[in-house]
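Good morning, and thank you for joining.

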Amino acid sequence: MKHGNSVLGGYADTIFDVMSGLARQHQSVNLGQGFPDDPGPEDVRRAAADYLMTGHNQYPPMLGIPDLRQAVAEHNKRFYGLEVDWQTEVMVTSGATEALGDCLLGLIEPGDEVVLIEPLYDSYIPIVRRAGGIPKLVRLKPPAWDLPREELAAAFGPKTKLLLINSPMNPCSKVFTREELAFVAELCVKHDVFAVCDEVYEHLTFDGRPHIPLMTFPGMRERTARIGSSGKTFSVTGWKIGYVTAAAEVLKPILKAHQFVTFTTAPSLQWGTAVGLRKDIGYFTGLARDMQAKRDRLAKGLAEIGFGVMESHGTYFVTTDFRPLGFNGTDEDFCRHITVEAKVTAVPISAFYAGPDAPRHFARFCFCKNDSTLDLALERLARHFRR
Ligand code: PMP
C-alpha cells in the first residue's frame, strides 16, 4: 500500500477535536473549542432560512453572490475607510479556513519563505508547507506578547514572499497596536512581500482598543489579502462563510485556488451574511461589549481560583498560567486532568506552536458561553482546586 501525502499525513488530529471528544466522553463543560452558545442574530438566521426556501439554491457565482460581495465592500468602507471594488476585489469562501488555504496555495511558490508569528492558529503551517513554502517563525513572548521588532526584521530576506498575521490573535488574545502594525507594514513594503491578514476577530476587541487592518497602512492596499468570517462576527461558526478582500491582481491567483478547491459556497448562508454585514453599528459594538463582560466574568473567577490570568484584549479567549495552582505537568496533562477530574475542558497553548521549546504551562479557556455555563465551569474548577 502506498502512503498518502507525507506533509499532511504527518500531523496528528487537531487538538480541538481531541479535547472536544474527551469533553463529550467525560461530560465536561467544554471551554476548549471556541464556539459561542449564542445562536447568532435572529434576522441574519431568518434571512438565510428564507433564502434557502425561496431563493436560488444552485451554484452561485464563483466569487460569491453579488449582494454579499457588495456588503463586504460596504463593510470595508464603513469600518475602515477602505474603498473596495466589489466586482474585482472581493471573494467569498467556505470559511476563513478556506480563505487562508486559497491565499497560501495561490500566492506561494515552492521554496518561497513565509513569515509567521507564534503562537499561531493550527491550520497555517501545514498549508504553508503543503504549498512548498518555508516557514520563518517569529515568537511573541508572554505575558505582554509584544512584537520583537528586531527578530521580525531579521526573518525577512530576499526569498520572503509573504507574511501571515492574525489580529486579534488566537490564542493569546493580543490586538496588534498601530505602532506595531506600522512597523510590520514598512517591512512588507521594503521587502515587497504579500500580507495575508487573518482578521476573523475584527469585531471582538475590548476596552476600547481599535482593530486596525494592516491593509490600511501606506503601501499595503495593493499587497494585502484581508480575511473575515461570518462565524465570529455573527456567532455562527458552523456556517463557514469567509470573505477575502484584496487588490484585483492579488486576488486573481487566490481565486484560482478557490476555483479548484471548492469553487463556491452555500448561497443561503452567503445571503444571511450579507444581511449581517449591513446591520447597524450597534450590533457590532454590542457584540464586543457582551463578549468583554464574559471575559471579565471568566477572568475574575479564574483569578480567584488561583490561576495566573493573562490579559485578553480581544477574541473569545483568555490564556492562563496554571503553575500557581501547584500543577507540575505539561499543558496537555493539565487540560486532560481538568477534563477528567474537574469536568471542565481547556486547550493547551503548546498546540499553537510549530517550533521547538513551546511554553508548556498555559491553558486557553474560551468565554463565548452563557453566563450559567461559565459559572458552572468556575464552580467545578473552584471545587476541584480547593480540595
Ligand atoms: N483563523 C482563526 C485565528 C480562527 O480562530 C479561526 C476559527 N477558530 C479561523 C481562522 C477559521 O475560521 P472559519 O471557521 O471561518 O473557517
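Predicted model: local features only at pLDDT ≥ 70, side-chain atom pairs only at ≥ 80, totals over all residues.

Is Thr-315 buried or exposed? Thr-315 counts as buried, because its relative accessibility is 0%, and the cut-off for buried is under 20%. Thr-315 belongs to the loop that runs between strand 9 (308-309) and strand 10 (317-321). Its backbone also deserves attention: phi is positive, at about 75°, although Thr-315 is not a glycine.

Trp-145 presents a second case of this kind. Trp-145 is not a glycine, yet its phi is positive, at about 55°. The residue is placed in the loop between strand 4 (134-139) and helix 7 (149-155). With a relative accessibility of 3%, Trp-145 counts as buried. For context, most residues other than glycine have a negative phi, and most peptide bonds are trans.

The bond from Glu-118 to Pro-119 is cis, with omega near 0°. Pro-119 is in the loop between strand 3 (113-118) and helix 6 (124-130). The bond from Ser-167 to Pro-168 is also cis, here with omega near -15°. Pro-168 is located in the loop between strand 5 (160-166) and helix 8 (178-190).

I turn now to the ligand.

In the side chain of Thr-97, an N or O atom is 2.6 Å from an oxygen atom of the ligand. For Ser-229, the corresponding distance from a side-chain N or O atom to a ligand oxygen is 2.7 Å. Lys-240 places a polar side-chain atom 2.7 Å from an oxygen atom of the ligand. On its own, the ligand has 400 Å² of accessible area, and the protein covers 92% of this.

Next, three further buried residues. Gln-270 is part of helix 11 (residues 267-277), and its relative accessible area is 0%, so it is buried. What does the side chain of Gln-270 reach at 2.7 Å? It reaches the backbone nitrogen of Ile-65. Leaving aside neighbours within four places in sequence, Gln-270 is in contact with residues including Pro-60, Gly-64, Leu-68, Val-92 and Ile-241.

Phe-217 is found in the loop between strand 6 (194-198) and strand 7 (224-229). Its relative accessibility is 9%, and therefore Phe-217 counts as buried. Beyond its neighbours within four places in sequence, Phe-217 contacts Arg-178, Leu-181, Ala-182, Ala-185 and Ile-212. Phe-217 and Leu-181 are 36 residues apart along the chain, with 8.0 Å between their C-alpha atoms.

Finally, Ile-305 is in helix 12 (residues 281-305) and counts as buried at 12% relative accessibility. Not counting residues up to four places away in sequence, Ile-305 touches Leu-325, Leu-378, Leu-381, Ala-382, Phe-385 and Arg-386. From Ile-305 to Arg-383, the C-alpha separation is 9.1 Å, while the two are 78 residues apart in sequence.

That concludes the presentation, and I welcome discussion.

Definitions and conventions. Residues numbered from 1 in each chain as written. Heavy atoms only, no water. Helix = DSSP H or I, 4+ residues; strand = E, 2+ residues; numbered from the N terminus. Buried < 20%, exposed > 50% of the residue type's maximum accessible area, 1.4 Å probe, protein only. Contact = heavy atoms within 4.5 Å. Polar contact = N/O pair within 3.5 Å; in protein donor to acceptor, adjacent residues only side chain to side chain. Areas by Shrake-Rupley, 256 points an atom, 1.4 Å probe, with all protein chains shown as cover.
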